[in-house]
Amino acid sequence: MILVIGESCVDVFTYGECTRLCPEAPVPVFNPTKVVENLGMAYNVYKNLNSLGNKSRILTNENYKRITKTRFIDKVTNHMFMRLDENDKFYKKCQVKKINLDLYDAVVISDYDKGFLREEDIEYIAKNHNMVFLDTKKNLGPWAKYINFIKINFHEYQKTKHLIDKDMYDNLIITMGAEGAKHKNVIYPVDEVEIKDVSGAGDTFLAGFVTKYMKTKCVESSINFANECATKVVQKKGVSVV
């Protein structure tokens with residue numbers, strides 16, 4: 001059994017068209033034609049894990065259905081005009097010390113740094129479980145040194161690399177979009193495909209890596225499988241489950 005811990009929300013994709021500019025200002029007039037909703041953030045990791053055949057549970061903020069990220073997107077080009085976030089400051093804190101971590105084979109932390117998990121919470125989990133995977137928006141520090149694998153994207157790595165020592169660097173998996181992923185200075189490339197939407201691709205990568213690693217304990221094959229999973233979802237519109 002795998003436990004997913006982290007913040008969740010509802011991703012709303014409002015597709016439509018723009019055929020004219022607003023007469024009061026030089027902005028496009030958006031005409032919505034279709035709305036698609038998906039559970040996102042940590043819940044997207046959880047859904048991907050289940051889709052890949054894992055038995056998993058999720059511990060997330062109870063009000064996740066009230067927290068929305070609405071994207072307004074041209075239905076033809078998939079160009080996003082804007083994103084509207086609502087109720088984004090109403091996450092409650094997770095009570096990690098009440099969790100019986102012994103029930104789980106692995107813990108996957110999907111931390112969007114919204115206040116649900118503090119640095120000391122993540123450190124506590126890592127100190128009390130021997131298989132912890134982390135995807136975080138926080139700048140890394142000594143609190144993350146007990147994590148088995150840390151997945152961050154290249155932009156996040158650039159912001160936090162000055163805080164990473166050698167031991168922590170060896171635990172890092174850096175995703176680099178169309179260039180693939182990097183671990184211990186080895187780059188794992190991905191096939192060139194038409195990218196329609198990268199929303200949620202990092203969640204899918206994390207779920208793919210965890211799935212393969214729990215079966216094989218092989219980092220190389222796990223990264224390659226995670227790349228394959230992420231490559232599939234970026235070819236679809238919106239947040240997709242592999």
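This note comments on selected residues, a helix and several salt bridges in a predicted model.

1. Thr-60 sits in the loop that joins β4 (56–59) to β5 (68–74). Its relative accessible area is 14%, so Thr-60 counts as buried, the cut-off for that class being under 20%. Beyond its neighbours within four places in sequence, Thr-60 is in contact with Gly-6, Glu-7, Ser-8, Tyr-43 and Phe-116.

2. Polar partners of Thr-60. A polar atom of the Thr-60 side chain lies 2.6 Å from the backbone oxygen of Gly-6. The side chain of Thr-60 also makes a polar contact, at 2.9 Å, with the side chain of Asn-61.

3. Lys-93. This residue belongs to the loop between β6 (80–86) and β7 (106–111). Lys-93 has a relative accessible area of 52% and is therefore exposed, since that class begins over 50%. Not counting residues up to four places away in sequence, Lys-93 touches Gly-115, Phe-116 and Arg-118. The C-alpha atoms of Lys-93 and Arg-118 are 8.1 Å apart, although 25 residues separate the two along the chain.

4. Helix α5. Residues 201–216 form α5, a helix of 16 residues. From first C-alpha to last, α5 reaches 22 Å, close to the 22 Å expected at 1.5 Å a residue. Buried residues in α5 include Phe-205, Leu-206, Phe-209, Val-210 and Tyr-213. Just after the helix, Lys-217 takes a positive phi of about 60°.

5. The model contains 12 salt bridges. In one of them, the side chains of Asp-85 and Arg-83 meet with an N to O distance of 2.7 Å. Asp-85 is partly exposed at 30%, and Arg-83 is likewise partly exposed, at 40%. Another salt bridge pairs Asp-88 with Lys-114, whose closest N and O atoms are 2.9 Å apart. This pair links distant parts of the chain, 26 residues apart: Asp-88 is in the loop between β6 and β7, and Lys-114 is in the loop between β7 and α2 (119–127). Relative accessibility is 21% for Asp-88 and 29% for Lys-114.

6. Lys-232 and Glu-228 form a salt bridge, with 3.9 Å between the closest N and O atoms. Because they are 4 residues apart in helix α6 (residues 219–233), Lys-232 and Glu-228 are separated by about one helical turn. In general, an α-helix has 3.6 residues a turn, so residues three or four places apart point the same way. Lys-232 is partly exposed at 44%, and Glu-228 is partly exposed at 42%.

How values were computed
Residues are numbered from 1 along each chain as its sequence is written. This is a predicted model: local features need pLDDT of at least 70, side-chain atom pairs count only at pLDDT 80 or more; totals for chains, interfaces and linings use all residues. Side-chain values use heavy atoms; hydrogens and water are left out. Helices (H or I, at least four residues) and strands (E, at least two) are DSSP runs, numbered from the N terminus. Buried means under 20% relative accessible area, exposed over 50%, partly exposed in between (1.4 Å probe, protein chains only). A polar contact is a pair of N or O atoms within 3.5 Å; within protein, one must be able to donate a hydrogen and the other to accept it, and residues adjacent in sequence count only if both atoms are side-chain atoms. Contact means heavy atoms within 4.5 Å. The expected span of a helix is 1.5 Å times one less than its number of residues. A salt bridge is a side-chain nitrogen of Lys or Arg within 4 Å of a carboxyl oxygen of Asp or Glu.
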